[in-house]
Amino acid sequence: MSLPKIGFENLRNLRNLRTKFMSNIPSDLKYTKSHEWVRVSGDTATIGITDHAQQELTDIVFVELPDVGRNIKRGDACAVVESVKTASDIYSPVSGEVLETNRAVVDDPASVNSESYGSGWFFKIKLSNPVELNGLLSPDDYKKQIGG
């Protein structure tokens, strides 16, 4: 008996199933429809991209971050991620001043793939309008959005 051949289409389908059912969605974060996450501590928000987003992008090869001191409005394109597959703008989920950027992801973009919720964060922002957090998705709402 011979085993069936697994073509590229079948591999892509397996990857899609993995993405759908295995995306990590921490319960202590807020999310955007455009796949950014927000972790709030006091008046500071840490921002990165979700596990689902990094899986869809595949191997990340370049990250460009906003300048420290820049004032950003919610919805502004403020960073760029490039993978072997595509380039994507990163949009700020909240308004405020950029306090810190994660230079480690600029030096090692692949860390976003391996640690999207940990050392793969992008920037920290001092919240200028904390009420904006109320407009973000809960973990359950984000899970529904990505089909989980």
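Predicted model: local features only at pLDDT ≥ 70, side-chain atom pairs only at ≥ 80, totals over all residues.
Reader: Why are strand 4 and strand 6 called paired?

Author: Two strands pair if there are at least two bridges between them. Four bridges join strand 4 to strand 6, residues 77-83, so the pair meets the definition. The two strands run antiparallel. I60 stands opposite S83, and V63 stands opposite V81.

Reader: How do you know that strand 6 also pairs with strand 7?

Author: Five bridges join strand 6 to strand 7, and the definition asks for at least two, so these strands pair. Here too the strands run antiparallel. E82 stands opposite A87 in strand 7. Strand 6 and strand 7 form a hairpin, with three residues between them.

Reader: What makes strand 4 and strand 7 edge strands?

Author: The open sheet has three strands in the order 4-6-7. Strand 4 (60-64) and strand 7 (87-91) each pair on one side only. From one strand to the next the twist averages 25 degrees.

Reader: Why is strand 6 described as mostly covered?

Author: A residue is buried if its relative accessible area is under 20%. Five of the seven residues of strand 6 are buried, so the strand is described as mostly covered.

Reader: What makes strand 5 and strand 8 a pair?

Author: Two bridges join strand 5 (residues 71-72) to strand 8 (residues 96-101). The definition asks for at least two, so this pair qualifies. The bridge partner of I72 in strand 8 is G96. Strand 8 also pairs with strand 9 (residues 123-127), in the antiparallel sense and over five bridges. In strand 9, K124 is the bridge partner of E100.

Reader: How do you know that E36 has no salt bridge?

Author: A salt bridge needs a side-chain nitrogen of Lys or Arg within 4 Å of a carboxyl oxygen of Asp or Glu. For E36, the nearest side chain of opposite charge is R74, which is 11 Å away. That is beyond the cut-off, therefore E36 has no salt bridge.

Reader: What makes the approach of E36 to T32 a polar contact?

Author: A polar contact is a pair of N or O atoms within 3.5 Å, one able to donate a hydrogen and the other to accept it. The side chains of E36 and T32 make such a contact at 2.5 Å, and those of E36 and S34 make one at 2.4 Å. Both values are within the limit, so both count.

Key:
Residues numbered from 1 in each chain as written. Heavy atoms only, no water. Axes fitted to C-alpha atoms, helices over the stretch in contact; angles between N-to-C directions. Buried < 20%, exposed > 50% of the residue type's maximum accessible area, 1.4 Å probe, protein only. Lys, Arg positive; Asp, Glu negative; His and termini not counted.
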